[in-house]
Amino acid sequence: MTAGPRLTSSIPVLRVADYPRARAFWSGKLGFRVVEEGGDPPRFGIFALDAAEVFLNGWDGPDPTPGAGWRAYFYTDDVEGLAAALVAKGVSLDNGPETMSYGLREIEVIDSEGNRLCFGQVLDAAPPAS
């Protein structure tokens, strides 16, 4: 690979059928803050939580295959704590917490628009001290 510009992060763009409902889920249930919105009334938004961002796009309508595969993946440093916090807010976990063969512990959530979201924590691969 040649030297040059590097990608440093990614931002998922999720299509939503009902922007106000999606906004309420992402801000109220998942705890993301609204950074910016577009449209009058708003139909697009940029949401952030810690170092993660997501764009919710209500202009293009729903995804034609909601729930099929991940629509976004977020890394966390405490998947168990995140799972507990989400459940306390009334969010149902669709899967997990589960330790995966590829070295992450994950949970999955389906958002208000049918988007499957995965939150994963990298597990320490170092052997315990003897």
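**Close-up views of side-chain contacts**

**View 1. The salt bridge between E113 and R21.** The side chains of E113 and R21 meet in a salt bridge, with 2.7 Å from N to O, where a salt bridge is a side-chain nitrogen of Lys or Arg within 4 Å of a carboxyl oxygen of Asp or Glu. Because E113 lies in the loop between β7 (104-110) and β8 (116-122) and R21 in helix α1 (residues 19-29), the pair ties together parts that are 92 residues apart in sequence; helices (H or I, at least four residues) and strands (E, at least two) are DSSP runs, numbered from the N terminus. E113 is buried at a relative accessible area of 10%, whereas R21 is partly exposed at 42% (buried means under 20% relative accessible area, exposed over 50%, and partly exposed in between, with a 1.4 Å probe and protein chains only). The model is a predicted one, in which local features need pLDDT of at least 70 and side-chain atom pairs count only at pLDDT 80 or more, while totals for chains, interfaces and linings use all residues. Residues are numbered from 1 along each chain as its sequence is written, and side-chain values use heavy atoms, with hydrogens and water left out.

**View 2. The salt bridge between E80 and R105.** The closest N and O atoms of E80 and R105 are 2.4 Å apart. E80 lies in helix α2 (residues 79-88) and R105 in strand β7, so this pair ties together parts that are 25 residues apart in sequence. E80 is partly exposed, with 38% relative accessibility, and R105 is also partly exposed, with 22%.

**View 3. The salt-bridge network of D94, E108 and R116.** Within this network, which links D94, E108 and R116, the side chains of D94 and R116 meet at 2.6 Å, N to O. D94 belongs to strand β6 (residues 93-99) and R116 to strand β8, so that distant parts of the chain, 22 residues apart, are linked by the pair. D94 is partly exposed at a relative accessible area of 42%, but R116 is buried at 17%. A search of the whole structure finds 5 salt bridges.

**View 4. The aromatic pair of F44 and W59.** The search of the whole structure also finds 9 aromatic pairs, a pair being rings of Phe, Tyr and Trp (its six-membered ring) whose centres lie within 6.5 Å, with planes under 30 degrees apart counted as stacked, over 60 as edge-to-face and the rest as tilted. The ring centres of F44 and W59 are 5.5 Å apart and their planes stand at 5°, so the pair is stacked. F44 is buried at 19% relative accessibility, whereas W59 is partly exposed at 44%.
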